[in-house]
Each structure stands twice: as structure tokens, then as C-alpha cells.
Amino acid sequence: MSGLGFGTVALIFGILVLVWVLLTCIKIVPQAQAFVVERLGGYQDTWNVGIHFKVPFLDRVARRVNLKEQVADFQPQPVITKDNVTMQIDTVVFFQITDPKLYAYGVERPLLAIENLTATSLRNVIGDLELDQTLTSREMINGRMRAVLDEATDPWGIKVNRVELKNILPPEQIVDAMEKQMKAERERREAVLIAEGEKKSQILRAEGKKEAAILDAEAEKTAAILRAEAAKEKMIREAEGQAEAIRIVHEANAEGIRVLKEAGADQSVLTLKSFEALAKVADGQATKIIVPSEIQNVAGAIKAAVEVAKD
């Protein structure tokens, strides 16, 4: 180093400074970010993803902007409902920067501006609702809040994607009253369910008795029909038996008469056998006896012979 002159050292130093300056002028913008560049204090350009070069000593990166969707969780805000109930509500806002230039120059401290805007908009929305509507209309409140905030933050290069009511904290007195109301409502529903169950039970019992009576009547009817059919079949079988017995007797008598004829018996013997057969038939349960005409003629001849003998 001692052998080097002052000019040489100055040249080397100058080259190193130039290299350092050139390296500092090379900027690489990562994904989901944007750089707002100023030249001599005024807006120059917005750099997106990639490698960029700035003019030494003239350009500077004024702001690095995150283009991802961001979440802002704000502290609970006191609000008053339409029926004069004070409660605490904390909100969560999901937003995204869409224009880095407007975000850099549109408003000072954008997050604080969004928080204050959220608080005032929440008071306006809740002020038009009663307590019960506030507790049951979260979706409606979220939608109205998102519309108001999105419109108000548009000049700042911010788009509000969603607004969610994280917690709704009514006063303790209101909470106690709501719990008592819910308990009374549950007891009322329980009483209604018990009454409906008892009603259905009575209806089912009545329907069961009715169906049982119908089944008993149908069973009695069926039994009577079966008894009548059994009696009818019995009478038919008895009649058929009697007819069969008469037929057998007649066949036996006819067979006996045939045998007598073949043995050479005269007409009077045949007539007496016929009367004996009629007498056997009369011993049964028949109420009428049909006498063949031939037997009637024989009986008349016998009567006439008897009368002649008396004379």
C-alpha cells in the first residue's frame, strides 16, 4: 500500500463507491408486494414483481406496499341500539390494497382511518336496530358495514372484502334477563311438548280401542258364519245319511222280493212283503210314505175278498 500513490487509492475508493451505488440502485420486488418510487420528492412510478433500477441520488423507494389480503382486528366499540341498550361490539375487517399509489398518498395512517370509519359506521348501523334485531341479524349488519367501508375506502386504494362482528357483549342485566326469558321459553316449549304427547297418546289409545272393537265384531261375525256353515253341512250330511239308509233298505227289500219271485212266491206273499217294507220305512223319521199304485190295487183286492167272505 505504501508503494501506491494517493491518486491510485482515491481511484480504487471511487470505483468501490460507484459499484456500491450501482448495487444499491438495483431493486428486486418480491411477490405480492409493490414499491412506490419518488423522484425528487414527487411520485414517479409503481414497481411490481421483478427487478428494477433507480436513478442514483434522484429516485427513492417511498413506500413498500403489501398486496396480500390483510386482517384488522379492532377493539370493542360501545354502541347504542334503537331501544337504548348500550353494548360492546368488536369487529374484524378483511381488506386488500388494490392501488399502491392511492394507498401511499390517499390518507395518513390508513389502518387508523379504517378503524375510526368502522366505529362510526357500526354506530350508525346498530342505531337503526333494536336489541333483538342486533343479536339475530349479523349477516345483514356485516353486509351493510362492508358496503359502507368499501365505498369509503375506495379513494384510498383499499378494497374491503369482508366485515365480521366478532363479539356482541350486552350489559349483564340484559344477559340475565335474556337467560330468564330463554329459560321461560324452554319451560313453555316443554309444557307444550308434554301436552301434545299426552294428546297423541290419548288419540292412539282411542284408535286402538276402536280397532279392537272392530276386530272383535269381525271375529264374531266370522265365527257366526262358520257356525252356520258347520250346521248346514251337518244337516246336509244327516239328510244324505238318511237318504242313503232308505236307499239301502229299498234295495234290500227289492232284493228280497226278487229272491221270493225266483223261489215261486205268489202275488199275495209279494204284497205282504211290500207292506212290511213300508212299515219299516214308516218306523223312520219320514213324515210321508208314498205307496206304489200296484200295492194299492193289491190292498183293494184283499179288502174286497174279505168283505165277500163276511157276506
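Leaving aside neighbours within four places in sequence, I89 is in contact with Q75, P76, Q77, V79, L122, I126, T134, L165, N167 and I168, where contact means heavy atoms within 4.5 Å. The model is predicted: local features need pLDDT of at least 70, side-chain atom pairs count only at pLDDT 80 or more, and totals for chains, interfaces and linings use all residues. Residues are numbered from 1 along each chain as its sequence is written, and side-chain values use heavy atoms, with hydrogens and water left out.

**Core**

I89 belongs to the largest nonpolar core, which has 30 residues. Such a core is a set of buried Ala, Val, Leu, Ile, Met, Phe, Trp, Tyr and Cys residues joined through side-chain atoms within 4.5 Å. Here buried means under 20% relative accessible area, exposed over 50%, and partly exposed in between (1.4 Å probe, protein chains only). Together with V93, L122 and I141, I89 touches the most other members. Two or more residues each come from β8 (86-97), α2 (100-105), α3 (110-127), α5 (138-153) and β9 (158-169). Helices (H or I, at least four residues) and strands (E, at least two) are DSSP runs, numbered from the N terminus. The largest share of the core, six residues, is supplied by α3.

**Surface**

A nonpolar patch on the surface is formed by L11, I15, V19, L23, I26, I28, I51 and F53, with about 810 Å² of accessible area together. At least two of its residues come from each of α1 (6-24), β1 (26-29) and β4 (50-53), and α1 gives the most, with four.

I51 is in strand β4, while R60 is in strand β5 (residues 59-66). Their accessibilities are as follows.

| Residue | Relative accessible area | Class |
|---|---|---|
| I51 | 51% | exposed |
| R60 | 46% | partly exposed |

Leaving aside neighbours within four places in sequence, R60 is in contact with V36, V37, E38 and K54. R60 and L40 lie 20 residues apart in sequence and 8.3 Å apart in space, C-alpha to C-alpha.

**Confidence**

The protein chain averages a pLDDT of 81, and 81% of the residues score at least 70; pLDDT is the predictor's confidence in each residue, from 0 to 100. Confidence is highest in strand β2 (residues 33-39), at a mean of 93, and lowest in helix α8 (residues 293-310), at 47. Over residues 301-310 the pLDDT is below 50, and this stretch has one contact in the model beyond near neighbours in sequence. Where pLDDT is low, the predicted coordinates should not be read in detail.

Conventions: Patches are made of residues with over 30% relative accessible area and no salt bridge: like charges are joined within 9 Å, nonpolar side chains (Val, Leu, Ile, Met, Phe, Trp, Tyr) within 5 Å. Accessible areas come from the Shrake-Rupley method with a 1.4 Å probe; for residues, only the protein chains shown count as cover. A salt bridge is a side-chain nitrogen of Lys or Arg within 4 Å of a carboxyl oxygen of Asp or Glu.
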